[in-house]
Amino acid sequence: MPGSENEVRLIEAVQRGEADAWRDLIDRYQGRLVSFAKRMLAQPGDAEDLVQDTFMGLLRSLPTFDPDRSLETYLFAILRHKLNDHFRRQKTGQRQSLEQLDLDDTPTAWIEPDTPSSHLAGAESLAAQRAALVRCLRQWVEQCEVQGRFQELIVVEMLMVVGLRNREVAADLGLSETAVAGVKFRVIERWRELTREQIRDHDWQEADLAATSTVARIWREEGVSCPKRSTLGRFLLGALDDDWNSFVEFHSKAAGCDRCLANLDDLRSEDERDARSHEQLRERCFASSVGFLSRRPE
Ligand SMILES: [Zn+2]
C-alpha cells in the first residue's frame, strides 16, 4: 500500500511545516497505533507514551521520508522499534517476547541465489532493492486479489508467515500435499519472473536482492498482504464476499497479523470511543512535537 494521493499531500504539507496537517496526521493514525501497542504491552498505560515517541520519531525522519512508502507501514515500524526498546528496558512484565514480535524470522529461502554475490551493495542500494522486492510481492498479491486466487494467498501465508510444513497446510486446507507443493513451486516461479525484470533493469545480482532480508520477514514488516483499512471496515460490517471474507479472517486471526488486528480493534472502538480522550492524546502528541515542525527549512 504505497501512499494514497491524500496521504502524500498530507505528508508534503507537514514537510512544509503546516501545523494543521501535522495535527490531522496524528489524528488519523493514533488510534491504530495505540491499539497495536496495547496488544503488546502488559501495562496498557504505557501505550500512549510510546505512541507519542513514535510521532516524534516520524517528525525527525520526515525530511528524508519517501512518499512512495506507506506511511502506515513506516509508523508501525517506528512503533515496533520503540516497543523493542521498551521491552529491553523493562525485561519483565511484557505480554509478548521479542521473539514473538519477530515470528516472521524463519529463514525460508524463497528466492535462492543463482550466482554468488560479487559486489557489496551500499545501504542505499539495499533499500532500493528491498523497495523493488516489496513492489513485486505487492503486485503478485494484487493479482491474486483481482483474480480471486485467495487460496494461493492463504497457502503462501501458511507456509511463510505461520511457518507450517506442506503436509500441515495440506491437512488444514483439505488439499493433497502435491497440490500444496505445486502452488509453492508456481508462486516462486512467478516471483522470480517479477524480480528478474527488476534485476535486469538495475543490474543487480539476484543474490543481493535475496540478501536484503528474508522474504518472510519483509512480507510481515511491510504488510505486503494486509488488506486496506476500508476493506477491514467492510469485513466488520459483514459486507465482504465469501472469498475476501475468508482471507481477512485467516490473515488476521489464524496468521495473527498484529497490524490488522490493531486496525480492527481501532475500527471497532471508533464509534464508542471517548472523543475527549482521543482529543487529549492527539493534543499531547501534537504539543510535544510541534516545536520541531517550524525548524524545518523550506
Ligand atoms: Zn495484516
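Predicted model: local features only at pLDDT ≥ 70, side-chain atom pairs only at ≥ 80, totals over all residues.
I started with burial: 30% of the 298 residues in the chain are buried (20 or more other C-beta atoms within 10 Å of a residue's own; 12 or fewer is exposed, in between is partly exposed, and C-beta atoms are placed from the backbone). Residues are numbered from 1 along each chain as its sequence is written.

Next I looked up secondary structure and found 15 helices and zero strands (DSSP runs numbered from the N terminus, H or I of at least four residues for helices, E of at least two for strands). I also checked contacts (C-beta atoms, placed from the backbone, within 7 Å). Of those with a separation of 6 or more, 77% come from residues 24 or more positions apart.

**Helix α2.** I have this one at residues 19-40, 22 residues in total. Its first and last C-alpha are 31 Å apart, close to the 32 Å expected at 1.5 Å a residue (1.5 Å times one less than the number of residues). I did find a bend of about 40 degrees at Gln-30 (the angle between axes fitted to the seven residues ending there and the seven starting there).

**Helix α9 and its crossing.** α9 has 26 residues and reaches 37 Å, close to the expected 38 Å. I listed its buried residues as Val-180, Val-183, Val-187 and Thr-195.

Which way do α7 and α9 cross? Their axes come within 10 Å at roughly 90 degrees, with α7 at residues 150-160 and α9 at 177-202 (axes are lines fitted to C-alpha atoms, for helices over the stretch in contact; angles run from 0 to 180 degrees between N-to-C directions). So α7 is roughly perpendicular to α9 (65 to 115 degrees; under 35 is roughly parallel, over 145 roughly antiparallel, the rest oblique). I got Glu-152, Val-155, Val-156 and Leu-159 on the α7 side, and Val-180, Val-183, Lys-184 and Val-187 on the α9 side. I sorted them into six nonpolar, no polar and two charged (nonpolar is Ala, Val, Leu, Ile, Met, Phe, Trp, Tyr, Cys and Pro; charged is Asp, Glu, Lys and Arg; the others, Gly among them, are polar).

**Ile-11.** I placed Ile-11 in α1, residues 5-15. Ile-11 is buried because 21 other C-beta atoms lie within 10 Å. Its C-alpha is 8.2 Å from that of Leu-62, 51 residues apart along the chain.

**Arg-234.** I found Arg-234 in α12, residues 229-236. Arg-234 is partly exposed, because I count 17 C-beta neighbours inside 10 Å. Leaving out residues up to four places away in sequence, Arg-234 touches Ala-239 and Leu-240.

Definitions and conventions
Contact = placed C-beta atoms within 7 Å.
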